[in-house]
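Keep the 3D view open as you read.

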Amino acid sequence: MPSPDYPVSVIDQPLRTGGKFFREGERTCVVKAVTFGPFPAGAFPDEGRAQLVRIREELGANAVRLYEIPSLEFLHECAGVGLRAFLTIPWTQHVDFLKRRSALAEADHLLLETIARFRGHPAVAGYYIGNEIESTLVRWMGASHVVEQLERLIDLGHANDPDALFAYANYPGTEYLLPQNQDFVAFNLYLETREAYAAYLDRLQNLAGNKPLVLSEFGIDSGTHGEWGQAEMLRWAVEEAAAAGVAGTTIFSWSDLWQRGGKTVEGWTFGLTAADQTAKPALAAVRAAWENLNRPADGVILTNTPKVSVIVCTYRGSATLVKCLDSILALDYPDYEVIVVNDGGDDRVAEIAESYDRVKHVATPHEGLGAARNTGAREATGAIYAYTDDDCVVEPDWLRWIVAQFAEDETLGCAGGPNVPPAPETGTRAIVAAAPGGPTHVLLTDTRAEHLPGCNLAVRREVFEKVGGFHTVFRSAGDDVDFCWRVLAAGHGLGFHAAAFVWHHRRFSFRAYFRQQMGYGRAEALLMPMHPDRFQGVGGAVWEGQVYVLRRRFGAFVYHGHYGYEPFQLMYPGGDSWFGEVALHVLWWTVALLFAVGGIFFTPLLVPAGVMLFGTIWVALGRAGRSPISPEYDTTSSRLLLSALIIAQGVLRSGTRLLSGWRFANWGKSLQFVGGTAAETLAKSWWKLGDEFEFWSGKGLGREELLAAIKSSFPGSEDDPSGKTDIILRRGRLWNWAVITVTEFHENEGRLTRLRSLARPEPLMRLLVGPSLLFFPIAVALGFGFQNEFLTFLVVYVLLSSAARLLMWAKRPRFQRIAREAGFEPV
């Protein structure tokens, strides 16, 4: 409850998130924000409160982003004029805060103090718990450790103000920093060409997943581009953000007056108003672009609105059908029809469908999903068939986003978007929603798909007829996969837009979830002989694109660039680990069971059985730990139950697929896949030894000067092309020697540069050590001997590691001498 001291506010609804958009009550809305401050001392004696009316009325903004903690009076003024405030917590982020724990303590204190001060205030929309942690610093600390701390701060915020929104203001240099528990995904983005800007927005939408995407900063310098150039670029930036379905845009900044670190910044003219507070042309341009943008789809301009046939195929789906049809009939689109195909002629479904005047009800014998979809197409009169399921709820602007894709590209055969699970009402539903194997899209690019689930799939009539519709052999699943593959083979693309989403209930019970996964397994068995090139033997389908999952991916690769300075450090997500796919397969369990049974007669066989069981549990716990569970149901017991579900899902789906399709499996291809990926994994960098140094400069010297000195002192050294380290000092047959650095910026030209020297094994060393670590212990445990060989191997490995550490320790004086000669002082 707001404090009785808070003023009467014109903001009558709190800001909430729902799928890809923000909500005010039941209504979707767009955040139209501008950054405000920090200003030089004395620029605005009243904190700039007099400017807030201008921001609301002249600019037409509905929110401001602040970088300093405001006074209560400032927020009162925001509430009075109708401006929401996003508060940025200004803690010390430019240092290695994993070592300097006082920085994290400062962050905790500031966050809790700010929440306690403003909790319940109508103007507070949310908090940014951090802003642009520098990319080389993230590389130094490790992205996973940084994300862990960001998630901890967000958890702290949620615990102390459950009604507020929390996020991290990211930037392209660290696009891989994506806290799973943030309420929306925010990026500061500065791109000056329209095409690159629009393309990167599509990428950010997919990185944001099921959450709203907010541009937490976007600005153009009028000093570089001219005031009219700034106005034009901001105009198309707002338009492209709207077309991409971005939930909110924050213009940087309100004024040319700006300070950083207590010093006035000269030469930066990003403001919509000049230093003398006069409006630039950009202010009017942004206002005009925002004027008619009240909900996300207002940015969709349709010059043609072809008739769309919305087709719902249902088999005994009366429990969720009413909400589904209500949402379809509330669509904001001028020309569409609604067809319900009652597969099996269920009486309750017929009663519901026939109670709507605008719904065409078609009852058929129970022939399965593929046949039902074809029946709906035969009854349709639209130019586009839009399929959704009886357990889906569509957004009011769903068809506008769908039709816009077809209008943009005449070569598209199909179009669709995400399917987002609604907020779970029980713990069981929360766990099932986080479990793997649900219907999901597969993307080739950010706007082109390889697969679109049938719950959100639209197709042109002529393309449907060209490929012959759906195959009726698919009775409950797999029809959409086969259909999409055939559309692609016919030369048509599958369009994807993140804003064209539907709400899709996951299964309501564990039993229903298991039945679904077994149905998917049978469907995959039917797909195997139809599309043999799409399967990896006894495993699942092989996709050219990226399968969308909610959990963090295993083995994501980031290209950091030269010395870690790549401005757009793109994340290339790896698939789930090959070992994870193997360890959850029914054949893995079969082999483990054989070892366990054999262990009854020959006890050492229990060792590999135990190792295999441990491997499966390890994979399941890891995937469960990376999967997002709705916060109110996120407990240790929920995570453990999710782990059990992951194991059961893998066994049931692969077992059903193998039982139904073993005749079509390419067993040789399976062995080739496992062997090839295992060798590839061993060849990757997987352990290293390190030694750290700290060097101080009071004259503004940083890592560039230190790296230049190191490179000149080590003949034959080279820059690391991968960007994982800075310089490779020497490559040997078994080890390579490298350094990585980071510089912290302090006051008065103070610079603290940290250096880490590394000894990393070469691929040959990894291929020798990896299999040996697996072979020798098992051989010894099974009683096959090799005790002496195993002991020798361990001794050699320890000696090599010790020698590497000793060599790094011996190089410490050399590094210190190089640093001193370059003008640094060892700390």
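Two strands count as paired if DSSP finds at least two bridges between them. Helices (H or I, at least four residues) and strands (E, at least two) are DSSP runs, numbered from the N terminus. This is a predicted model, where local features need pLDDT of at least 70 and side-chain atom pairs count only at pLDDT 80 or more, while totals for chains, interfaces and linings use all residues. Residues are numbered from 1 along each chain as its sequence is written, and side-chain values use heavy atoms, with hydrogens and water left out.

**The β1-β2-β3 sheet**

- Strands β1, β2 and β3 sit in that order in an open sheet of 3 strands with antiparallel pairing. The edge strands, β1 and β3, each pair on one side only.
- Buried means under 20% relative accessible area, exposed means over 50%, and partly exposed is in between (1.4 Å probe, protein chains only).
- β1 (residues 15-18) runs antiparallel to β2, with 4 bridges joining them. Gly 18 has Phe 21 as its bridge partner, and Arg 16 has Arg 23.
- The β1/β2 hairpin has 2 residues between its strands, and Gly 19 in the turn has a positive phi of about 65°.

- β14 (residues 308-314) pairs with β17 in the parallel sense over 6 bridges, with Val 308 opposite Ile 384.
- β23 (residues 457-460) pairs with β17 in the antiparallel sense over 4 bridges, and here Tyr 385 stands opposite Val 459.

**Another three-stranded sheet**

- β18, β25 and β20 make an open sheet with mixed pairing, in the order β18-β25-β20. β18 (392-394) and β20 (419-420) are at the edges with a single partner strand each, so one side of each has no neighbour in the sheet.
- β18 and β25 (residues 502-504) are antiparallel over 3 bridges, and Val 394 has Val 502 as its bridge partner.

**Nonpolar cores**

- The largest nonpolar core has 87 residues, and Ile 55, Tyr 127 and Leu 272 are among those with the most contacts inside it. A nonpolar core is a set of buried Ala, Val, Leu, Ile, Met, Phe, Trp, Tyr and Cys residues joined through side-chain atoms within 4.5 Å.
- Helix α8 (residues 227-243) gives the most to this core, with 8 residues.
- A second, separate core of 42 residues includes Leu 302, Val 308, Tyr 356 and Ala 458.

**Helices α19 and α20**

- The axes of α19 (residues 586-601) and α20 (residues 606-626) come within 7 Å and cross at roughly 145°.
- Trp 588, Trp 589 and Phe 595 are among the α19 residues making the contact (heavy atoms within 4.5 Å), and the α20 residues include Leu 606, Met 612 and Leu 613.

- The Gly 37 to Pro 38 peptide bond is cis, with omega near -5°. Pro 38 is in the loop between β4 (31-36) and α1 (51-59).
- Phe 252 to Ser 253 is also a cis peptide bond, with omega near 5°.
- Gln 277 isn't a glycine, yet has a positive phi of about 75°. At 31% relative accessibility, Gln 277 counts as partly exposed.
- Arg 316 isn't a glycine either, and has a positive phi of about 55°. Arg 316 is exposed, with a relative accessible area of 60%.

Note on methods. Axes fitted to C-alpha atoms, helices over the stretch in contact; angles between N-to-C directions.
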